[in-house]
Amino acid sequence: MNFFKRLFSWKKKPSKIEDEQEDEIVDSDDNKIDKKESKKLKKIAEPEPEPEPEPEPEPEPEPEPEPEPEPEPEPEPEPEPEPEPEPEPEPEKKKKVGFFKRLFKKTDKENLDKSLEKTSKSFFDKIKKAVVGKTKVDVQVLDDLEEILITSDVGVKTTIKIIESIEERVAKDKYTNAQELDVILKEEIGNIIYDDKKEDFNINDKPYVILVVGVNGVGKTTSIGKLAKFFKSQGLSVLIGAADTFRAAAIEQLEEWSGRAEVDLIKQKMGSDPASVSFDTLNSAINKDYDVVIIDTAGRLHNKVNLMNELSKISRVMQKLKQEAPHEILLVLDGSTGQNAYEQAKQFSEVTKVTSMMVTKLDGTAKGGVVIGISDQLNIPIKYIGTGESIDDIELFDKVDFVESFFQNKSK
């Protein structure tokens with residue numbers, strides 16, 4: 001029985017304790033629900049906070065009234081188009097001024113007047129005697145004038161040309177008086193002097209080579225020193241070649257003048273080949289970028305063939321280094337020798353192609369008229385005049401200045 005009781009005891013009602021525990025569980029669940037509901041109620045019961053009043057928007061500023069547009073100015077009437085000017089004719093291109101005209105110092109007129117003073121005084125003293133007491137230019141006056149010109153070393157041929165020109169003018173102007181003779185003569189001499197306008201010195205084609213020729217005693221070495229000093233004073237670099245290896249003491253003299261001019265010198269021993277000295281000089285000038293080369297040569301005319309061969313050889317040798325060399329062959333003449341200077345110039349021009357001349361020692365002679373004859377007869381430009389013994393006594397020959405100085409004593 002007990003067994004069956006135990007077996008069926010699981011169907012009994014639960015005990016009070018179990019009921020109480022279940023109640024507690026239910027109560028706890030209810031409490032949880034109540035708490036949730038109470039929170040909800042509290043939320044409902046609590047009044048919501050009033051929202052803060054939004055700030056009133058600031059009133060927008062009244063827009064400024066737009067300025068009234070200015071009335072547009074009336075358009076100016078368009079100016080009538082000016083007629084196009086006719087194109088001006090292109091100006092003639094000015095000839096470039098040569099190196100010497102640009103660079104050479106202006107002629108020292110006072111110095112030139114002084115060097116030609118003796119020539120001028122002698123010439124016009126004779127003119128005054130020829131026209132004294134004469135009222136017109138007649139045959140006698142012209143004969144006297146012809147004699148005066150010849151004795152002033154102007155030369156026979158040049159004198160005849162001057163007299164013939166004056167005769168033509170006198171024939172046209174019957175009233176020409178003797179007092180106007182000097183004016184006519186001045187114009188005719190100015191017209192007859194040869195004036196070469198070509199520009200033969202191109203400083204850009206350096207070194208510019210000058211070959212100096214002339215007989216011994218004319219002042220050739222001194223002239224080279226003067227030329228070197230001048231070019232040096234103009235900012236050009238100068239190199240001298242002592243190719244006169246024949247004359248005794250020629251190298252020493254040139255060495256002294258190159259020292260005065262403060263320029264460099266290329267030399268060899270006496271008796272050396274002049275062409276070899278010229279070659280060495282030009283070669284050094286090219287390598288060291290010199291501007292001007294001046295080559296001295298032997299001054300002897302007793303054998304034209306030898307002189308011609310020597311000058312030709314010098315030119316050929318230099319042309320191996322520079323095709324255009326020498327650019328200039330300068331003949332130095334002694335103006336104090338009168339007609340002998342003309343003969344020298346004539347002979348040298350037969351031996352070699354002389355391109356320019358320098359007349360020296362005009363300061364101590366009354367034979368300055370030789371310049372007129374040489375220039376006219378040989379058609380070789382006189383480029384320089386030696387006016388004294390100082391290294392600075394050199395002038396560029398200008399025929400206008402020369403004639404003015406030649407006629408300086410016409411009113412004295």
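Phe231, at 0% relative accessibility, counts as buried, a class that means under 20% relative accessible area, with exposed over 50% and partly exposed in between (1.4 Å probe, protein chains only). Phe230, at 5% relative accessibility, is buried as well. The model is predicted, so that local features need pLDDT of at least 70 and side-chain atom pairs count only at pLDDT 80 or more, while totals for chains, interfaces and linings use all residues. Residues are numbered from 1 along each chain as its sequence is written, and side-chain values use heavy atoms, with hydrogens and water left out.

The structure holds 8 aromatic pairs, where rings of Phe, Tyr and Trp (its six-membered ring) pair if their centres lie within 6.5 Å, and planes under 30 degrees apart count as stacked, over 60 as edge-to-face and the rest as tilted. Two of these pairs are set out below.

| Pair | Centre to centre | Angle between planes | Class |
|---|---|---|---|
| Phe230 and Phe231 | 5.4 Å | 55° | tilted |
| Phe397 and Phe402 | 5.4 Å | 50° | tilted |

Phe397 and Phe402 are both buried, and they belong to one aromatic cluster together with Phe123, Phe124, Phe406 and Phe407.

A charge also meets a ring: Arg260 lies over the face of Trp257, at 4.3 Å from the ring centre, the criterion being NZ of Lys or CZ of Arg within 6 Å of the ring centre and within 35 degrees of the ring normal.

Ile160 is placed in helix α7 (residues 156-172), helices being DSSP runs (H or I, at least four residues) numbered from the N terminus. Ile160 is partly exposed, with a relative accessible area of 37%.

Note on methods:
Helices (H or I, at least four residues) and strands (E, at least two) are DSSP runs, numbered from the N terminus.
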